[in-house]
Amino acid sequence: MNVAVLFLLGLGLLEAECRCFFNRTQDHCVCYNLSQESVNSIIQCLPASVVEFRGGDLERYVAFPISDPDPNTIESLGSLGFRKIIFGDLLVPEILLAQVLRLFSYTHVQELVFDSCVFEGRGNWDRMAGQDLPILSLHFHNVSSAALTGREQDFSSLSSFLGALQELSVTTSHLTSLPCAIGRLFTALRSLDMAQNSLGDESLTPAFCSGAFPQLRVLSLQRNNLTSYHSVCEGVQLLRELQHERAPCGGGRADSCK
């Protein structure tokens with residue numbers, strides 16, 4: 001079976017009536033509702049550096065057995081040219097995501113995007129402990145999931161992965177808080193975009209506590225429930241490396257708290 005299909009099997013994205021469209025000019029391939037029977041359509045995505053998967057029901061693959069790949073499969077995954085993968089319009093069982101995320105360690109994917117996705121349930125992240133991934137940029141737009149509060153242990157198992165990220169965005173996702181312990185895991189993060197959420201003035205100090213985001217240079221808090229510029233500046237004052245901050249409050253716009 002073609003290695004691309006093996007990779008997609010591992011991701012649990014196989015569904016009925018696959019349609020893939022490869023734009024050679026943009027080096028971008030989009031697939032809708034992947035299926036095991038649609039190998040020819042999937043193969044056309046192999047030359048792309050950006051691959052986008054839209055639609056599909058992943059719940060049926062929760063019980064799908066995902067074992068560690070053998071050496072031949074590892075070599076094949078390493079030969080794929082994918083650099084950016086986008087998942088859109090999907091219901092994502094977290095237990096499945098916890099199993100397949102390890103497969104990315106055998107690829108060269110540097111950017112991962114979840115757009116208009118719903119994360120369902122809770123996964124077991126223990127097998128991700130100490131696992132390094134090549135992903136440097138992680139983006140969530142218009143997603144929903146269980147609250148982050150009380151999930152510090154889950155995130156601690158992802159510390160190797162999260163500690164290597166340089167860019168993170170969580171936008172238009174009704175985010176109301178970010179636990180201090182989670183922020184401390186992002187030891188190399190340079191850019192954080194949390195625009196268009198539901199963060200209030202009182203949520204900033206806990207989120208940007210001592211030791212959280214120690215390398216952060218750029219922060220965007222635009223279009224949240226922030227009412228006081230003074231409170232915003234107090235909330236981010238421990239971000240010693242911060243160089244550019246976007247958080248308009250009331251009728252004004254602020255680019256710096258200096």
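Colleague: Over which residues does pLDDT stay under 50?

Modeller: The score pLDDT is the predictor's confidence in each residue, from 0 to 100. In this protein it stays under 50 over residues 250–255. For that stretch the model has 13 contacts (heavy atoms within 4.5 Å) beyond four places in sequence. The protein as a whole averages a pLDDT of 85, and 84% of the residues score at least 70. This is a predicted model, in which local features need pLDDT of at least 70 and side-chain atom pairs count only at pLDDT 80 or more, whereas totals for chains, interfaces and linings use all residues. Residues are numbered from 1 along each chain as its sequence is written, and side-chain values use heavy atoms, with hydrogens and water left out.

Colleague: How many helices and strands does the protein have?

Modeller: Helices (H or I, at least four residues) and strands (E, at least two) are DSSP runs, numbered from the N terminus. On that basis the protein has nine helices and 12 strands.

Colleague: What percentage of the residues in the protein is buried?

Modeller: Each residue is classed by relative accessible area: buried under 20%, exposed over 50% and partly exposed in between (1.4 Å probe, protein chains only). Of the 258 residues in the protein, 50% are buried. The protein exposes about 12,100 Å², of which carbon and sulfur atoms supply 49%. These areas come from the Shrake-Rupley method with a 1.4 Å probe, and for residues only the protein chains shown count as cover. As for contacts between residues at least 6 apart in sequence, 74% join residues at least 24 apart.

Colleague: What is the order of the strands in the open sheet?

Modeller: Strands of a sheet pair through backbone hydrogen bonds, either parallel or antiparallel. Two strands are taken as paired if DSSP finds at least two bridges between them. Here, 10 strands form an open sheet with mixed pairing, in the order 1-2-3-4-6-8-9-10-11-12. Its edge strands, strand 1 (19–23) and strand 12 (244–246), each pair on one side only. Neighbouring strands of this sheet are turned by 10° against each other on average, direction ignored. That angle refers to axes, which are lines fitted to C-alpha atoms (for helices over the stretch in contact), with angles running from 0 to 180 degrees between N-to-C directions.

Colleague: In which sense do strand 3 and strand 4 pair?

Modeller: They pair in the parallel sense, over five bridges, strand 4 covering residues 84–88. Within this pairing, Val51 stands opposite Ile85 in strand 4. Strand 4 also runs parallel to strand 6, again with five bridges, and Phe87 has Phe114 in strand 6 as its bridge partner. Strand 6 in turn is joined by five bridges to strand 8 (residues 137–141), in parallel, with Val113 opposite His139 in strand 8.

Colleague: Why is strand 6 described as largely enclosed by the rest of the structure?

Modeller: The description applies because four of the five residues of strand 6 are buried.

Colleague: How many salt bridges does a search of the whole structure find?

Modeller: Side chains of opposite charge can pair when their charged atoms come close. A salt bridge requires a side-chain nitrogen of Lys or Arg within 4 Å of a carboxyl oxygen of Asp or Glu. The search finds seven. One of them joins Arg54 to Glu52, at 2.7 Å from N to O. Asp115 also forms a salt bridge with Arg54, with the closest N and O atoms 2.8 Å apart. This second pair links distant parts of the chain, Asp115 lying in strand 6 and Arg54 in strand 3 (residues 50–54), 61 residues apart. Glu52, Arg54, Asp89 and Asp115 are linked in a network of salt bridges.

Colleague: Is Glu52 buried or exposed?

Modeller: Glu52 counts as buried because its relative accessibility is 11%. Arg54 is likewise buried, with a relative accessible area of 15%, and Asp115 is buried as well. Elsewhere, Arg151 and Asp154 meet in a salt bridge at 3.0 Å, N to O, and both are buried.

Colleague: Where does Gln215 lie?

Modeller: Gln215 lies in the loop between helix 8 (204–207) and strand 11 (218–220). With a relative accessibility of 28%, Gln215 counts as partly exposed. Beyond its neighbours within four places in sequence, Gln215 is in contact with Thr187, Ala188, Leu189, Arg190 and Glu241. The C-alpha atoms of Gln215 and Glu241 are separated by 5.9 Å, although these residues are 26 residues apart along the chain. Leu103 is another loop residue, placed between helix 4 (94–100) and strand 6 (111–115). Leu103 is buried, at a relative accessible area of 10%.
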